[in-house]
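Please look over the sequence and the structure below before reading on. The notes that follow go through a few places in the model, one topic at a time.

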Amino acid sequence: MHNLSTGSHYKAAYIYCRVTKFAVQLCQFMSRIYYPAVILLIASTLLMVKPQNLSAETPGQNKKILILNSYNYGYIWSDLEMSGIESVFKESGMPIDIHIEYLDTKRVYDQKHLENIFRLFKYKFTKDKFDIIISADNDALAFMLKHRAELFPGTPLVFCGINNFSPYMISGQKNITGVVETIDYSKTIEIALKLFPDAFSIVAVTDETITGQAHAKKIKELEPQFKGRASLTVLNLNNMTMRDLQLRLSALDENHIVLLLAHFKDKTGRSYSIQESLGILAKISNAPSFVVTEDRVGSGVVGGMVVSGYFQGRTAAHIAIRILGGEKPESIPIVTESANKYIFDYNALKRCGIREASLPMGSIIKNRPVSFYETYKKTILAVISLFAIFLSLLAGLSYNIIKKTKLEKELRANQERLSAILSTVPDGITAMDTEGNITYANSAAESILGLDRKDITARRYNDLKWKIYSVNGSLVNKDDLPFSLVKNTDKQVFGLEHSITHPDGSKAFLSINAAPLHDTKGLFNGVIASISDITDRVNAQKELLESQNRFNMFMKYLPGFAYIKDINGRHIYANERFKTETHINPEDLSRMTNKEIWSDSAAHQLTMHDNDVIQKGTPVVFEETLNIKGDERIFISYKFPIPAKDGSLLLGGISIDITEQKKLEDQLMHSQKMEAVGTLAGGVAHDFNNILTAILGYAHLALMKLQNDEKLKQHMERIIESSQKAALLTQRLLAFSRKQTLNLVAIDAREIIKHFEQLIIRLLPENIELKISLTNEPLPILADTTQIEQVLMNLSTNARDAMPDGGTLEISAAADLFDEEKIKETGFGEHGRYARISVKDTGCGIDCEIKDKIFEPFFTTKEPGKGTGLGLSMVYGTIRKHEGYIDVISEINKGSRFDIYLPIAEAQSPPELL
């Protein structure tokens, strides 16, 4: 059948006018040849009586032909080849005797089997001599190349159905030619995308056989050709069971196209015949199925540009007839272009709602119900021919009474009707002569091309003013334009897309279908084309692509996880950060749930949250804890429902890592708590200090009047001593609350430690060794020496108390640099250089459960009466007043180390004193 896409009816109208004009001319001519026409009628009637065996020869003159088929009778491909061969010999009328042998290699293929066949043939054909041999498919050709010289010396050989052919295969062989089998995957995919323009995915099914591997390789090579139009995916049956493949294909909708290539053996090792596998696969999916070989058409698949066993056989038979007619095999070139055909299944076309008018010209439809016309075709044609001849004679006899003006009026009416039709169609229609000059354009063409009709018909198809570019922006070569392609190939072309520039500078995108026109002799006589404006579609596609790119970039740089899960909790989308952090293969992600990605506790938590969102149907914010690369991280997750096509709900989510923010919050709360306690302690200490001042004053006055009473004097001295201790405690509280003023001086931190060494050495028992380690580098700081010594004293006495059985106390000083890495490691500090003073002991250490509380005021682990709980809190307050930091590192039974960081003075003036 013929097809010109949207331009088919335009061409039909054009041809109709030409035929009408020709009929008028025929009538004029018949009036002058009335009597010869009568004679023609009689002769035609006689010719309809088919001669019987006019060329019959005696049996001894029949040509003997041996056909060697690789496979077996009943194998569809083989039967198609044999049918094609036999049809040609039948049509030729040549007296022949055909002998057919099958190698049966589809069912049995080993060297012993082939050797047995060779011995059988050697015995069987000892006295037979054949005029020609036809071998079908690779196994038969290989067999004949190996044994022809011994079995059938000098006999010409014609082969067909040969795939992966190379001249090397027949090197050194004589009297041989044939036809090669070449699969055209590209045209099958093109026609599939044309018939289903909304499809964006091609899924090719193959297996691990040699043929299957060849299919997969060819499909991969086509990916660049269809990039941007459809994705190409290969499903290997050897990696799944037939049931798995059924489930995969049943999930596909009409936006996918299935290409069934090779599917004979699944991963269980079970083999399937073509009919069995196609019967299983072709009818389970909503996606249309296409094939590339004829033997697969008719089992539920739509069809495609297929390698036809029937036409392979016909081509080989035609070559054989030429050789039997006297031509030498060497003079007949090997046919390297397969006689591939567009073949479709009638039932599949109906099921998919595809009109036959949309199929390419010359397409073959299988399984079409046999019509009355096809049943009695010869009889009907004979009657029509007789009727046509009688009608022609009647036209000739009646011509003298038909006025010429009436014929001209009808012709004008036809032309006006055609013109009216072409002027109302939405697509642009143009016609070009043999040189590419535009000879006709309809109204729609004016609008689409941005010119009036006179300007269009004054141009050639490749006018430079149009600035013809491809959709992707590259300049289109002259030979790739529709007119050139049609003229050079004499075939119609479909869906060629490119852009042109209008006279006003605007750009339009066009889709063009074009077909050749022929004169009465069948010679090329120009091109007719239909033009569609696809500017809106192309711009929409570009906007969609840009939108997708923006979305992908957004998701790529989103500072967290983004994901979508189906109703069963399986991940159907995740951004790049999610995949990178979890180390999950993207291909595996679609099969994984929370339980397969996270720990049991985290998965349980996530699943509860997911179900909560789905049940409520509204967005919900959660705080979730996940283990990332062995580290416990805290996330704030915003989860929300997404409606799906089937009416169910999907779950979308964005999770942001807030672990560091949490740490900062904890530090801020601790700082605020310390500040509040300090404020309270300062107020109490200030008032208490005033009371102590009065007590001490009155106590001293009382002591002066108790010179003779020693017992009361001792009591009063104890009161004074206790009051002084209380005063010292208030000083500590004032220091902790930062209400005690600082006497900052520029001093080397090493000098403070050297002076402190003389103080502390007298307080340490003999079983504790003191080590001092100082850097050679100066460590200038701004500090209140007395308060820094008090800090060292508190830390040293705590270290002494932690080593009741003895040990080592080490005090060291060195410079340290706070950069981004150091700040991130410690969790505090600002950029700059610091003097680090470390107090380290080998004592009992600090339990990790209380380590975060040791700087809190009034917290102590000592027995009642042995500690106030202000020592370390005062240390903390003093260091912060010096704009420094303190850190502790400790392990149970391995000692503790307190690191004090004081800013190094870089020739700066002292800060404002508090």
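**Briefing on selected features**

Helix α6, which covers residues 185–195, is largely enclosed by the rest of the structure, because 8 of its 11 residues are buried. The model is a predicted one, and each value given here was computed from it.

**Helix α6**

- The buried residues of α6 are Tyr185, Ser186, Thr188, Ile189, Ile191, Ala192, Leu193 and Leu195, and each of them counts as buried because its relative accessible area is under 20%.
- At the start of α6, the backbone nitrogen of Ser186, itself one of the buried residues, has a side-chain oxygen of Asp184 within 3.4 Å.

**A patch of negative charge**

- On the surface, a patch of negative charge is formed where Asp819, Glu820, Glu821 and Glu825 gather.
- Asp819 is placed in the loop that lies between strand β27 (807–818) and helix α27 (820–826), and with a relative accessible area of 33% Asp819 is partly exposed.

**A buried serine in a loop**

- Ser358 is found in the loop between helix α11 (346–352) and strand β12 (364–366).
- Although Ser358 belongs to a loop, its relative accessibility is 17%, so Ser358 counts as buried, the cut-off for that class being under 20%.
- A polar atom of the side chain of Ser358 lies 2.6 Å from the backbone oxygen of Arg355.

- Lys64 has its place in strand β1, which spans residues 63–69, and with a relative accessible area of 28% Lys64 is partly exposed.
- How far apart are Lys64 and Phe130 in sequence, and how far apart in space? Lys64 and Phe130 are 66 residues apart in sequence, while in space the distance from C-alpha to C-alpha is 5.1 Å.

Terms used. Residues numbered from 1 in each chain as written. Predicted model: local features only at pLDDT ≥ 70, side-chain atom pairs only at ≥ 80, totals over all residues. Heavy atoms only, no water. Patch = residues over 30% accessible without salt bridge, like charges linked within 9 Å, V, L, I, M, F, W, Y side chains within 5 Å. Areas by Shrake-Rupley, 256 points an atom, 1.4 Å probe, with all protein chains shown as cover. Salt bridge = Lys/Arg side-chain N within 4 Å of Asp/Glu carboxyl O. Lys, Arg positive; Asp, Glu negative; His and termini not counted. Charge placed at Lys NZ, Arg CZ, Asp CG, Glu CD. Helix = DSSP H or I, 4+ residues; strand = E, 2+ residues; numbered from the N terminus. Buried < 20%, exposed > 50% of the residue type's maximum accessible area, 1.4 Å probe, protein only. Polar contact = N/O pair within 3.5 Å; in protein donor to acceptor, adjacent residues only side chain to side chain.
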